Amino acid sequence: MAAIVEIDDLRKVYDGGFEALKGVSLDIEEGEILALLGPNGAGKTTLISTVCGITNATSGTVRVGGHDIVSGFRAARSMIGLVPQEISLEPFETVHRSVRYSRGLFGCRRDDAHIEKVLRDLSLWDKRDAKTMELSGGMKRRVLIAKALSHEPRVLFLDEPTAGVDVELRRDMWKVVDALRASGVTIILTTHYIEEAEAIADRVGVIAKGELLLLEEKTALMARMGRKTLDIELTAPVETVPTALAGYDLEIVQGGTVLRYSYDSNADRTGITKLLSDLAAAGLQMSDLQTRQSSLEEIFVGLVADNAEVAA
């Protein structure tokens, strides 16, 4: 599939010498959902701001739909919708007028049916005549999303869109995301709710200290880097691992009632069959077995920690 966003060797150095982006290169495919993960200060918002034309790059190029964001700014920016982290709205304007005005800023013809659909999808229709200053924080976040969708963008940036908002908004937000993906919209998401990225992303990028550490399909990443654990529940607790099982590097958890075994599910041999045989030979009886796959959050934390150690 063709790339709709092309980022090549993008660098951003602020006055004083701080490097927010260190040669980031990234192609984002049309119609995909890309989750950008990284700790605070990693460069996620700077990257988004640069692509959206809010921040000027020090060097490098960005193209959106084939349009350079500098020489073809209007064409490139018209394809982008942005939901920023910070809530900034005209306090005395009504919801409906605010969203309709955003559509006009991009030179789009008036389309009341589209505006109504966006407001209804985000549970804002009943609040359409309310001034934004009268809304709760969660409702203001919904208005930001509606404004970003007002001009029917082909690329949507969601910079921590559900941070600090209620569960209902998060649910509505992901319904809208599913519908947008189905219509072919490309979505780039940054979030601290890593379980959300794990649930909806097609690919995952990890950024730390201005560098793109990893970019990979989510399922392939979890298969390659995620490990599985086998929890062996015992009929009677143990205080120590029997000598006969010392070679398995077992961990005693849950007060000695569970032996935890970590293994690579992609290996030719996991060692589970022999472990269970040796377990019985050691006189231990099990009552149940449970396996668990490493989560995306665990993989992310491990990557960032490894990068910090290398940098140190």
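Tutor: Start at R181. It counts as partly exposed, at 27% relative accessibility. The model is predicted, so local features need pLDDT of at least 70 and side-chain atom pairs pLDDT 80 or more, while totals for chains, interfaces and linings use all residues. Residues are numbered from 1 along each chain as its sequence is written, and side-chain values use heavy atoms, leaving out hydrogens and water.

What does R181 hold? It forms a salt bridge with D202, and their closest N and O atoms are 3.1 Å apart. The term means a side-chain nitrogen of Lys or Arg within 4 Å of a carboxyl oxygen of Asp or Glu. This pair links distant parts of the chain: R181 sits in helix 6 (residues 167-182), and D202 sits in the loop between helix 7 (194-200) and strand 9, 21 residues apart. Helices (H or I, at least four residues) and strands (E, at least two) are DSSP runs, numbered from the N terminus. D202 is also partly exposed, with a relative accessible area of 31%. Salt bridges with shared partners bring D178 in too, so that D178, R181 and D202 make one network.

Now go one step along the chain, into strand 9. E32 lies in the loop between strand 2 (19-29) and strand 3 (33-37), while R203 lies in strand 9 (residues 203-208), so the pair ties together parts that are 171 residues apart in sequence. Are these two buried or exposed? Both E32 and R203 are buried.

Which strands flank strand 9? One partner is strand 3, which runs parallel to strand 9 and is joined to it by 4 bridges. In that pairing, L34 stands opposite R203. Another partner is strand 10 (residues 211-217), which pairs with strand 9 in the antiparallel sense over 6 bridges. Two strands count as paired if DSSP finds at least two bridges between them. A208 has E211 of strand 10 as its bridge partner. The hairpin of these two strands has 2 residues between them, and K209 there takes a positive phi near 55 degrees.

G31 is partly exposed, with a relative accessible area of 22%.

The largest pocket holds about 330 Å³ of space. Its lining has 16 residues, and the closest to its centre are H114, K117, V118, D121 and L180. A pocket is an open set of points on a 1 Å grid over the protein atoms alone where a 1.4 Å probe fits, with protein on both sides within 12 Å along at least five of seven lines; lining residues have an atom within 4 Å of a point. Grid points are joined across faces, edges and corners, and the volume is the space filled by probe spheres set on them. Two elements give two or more residues to this lining: helix 4 (112-121) and helix 6. Helix 6 gives the most, with 5 residues.

An open sheet of 4 strands runs in the order 2-1-4-5, with antiparallel pairing. Strand 2 and strand 5 (67-68) stand at its edges with a single partner strand each, so one side of each has no neighbour in the sheet. Strand 1 (residues 3-13) pairs with strand 2 in the antiparallel sense over 8 bridges. Within that pairing, V13 has E19 of strand 2 as its bridge partner.

Technical notes. Buried means under 20% relative accessible area, exposed over 50%, partly exposed in between (1.4 Å probe, protein chains only).
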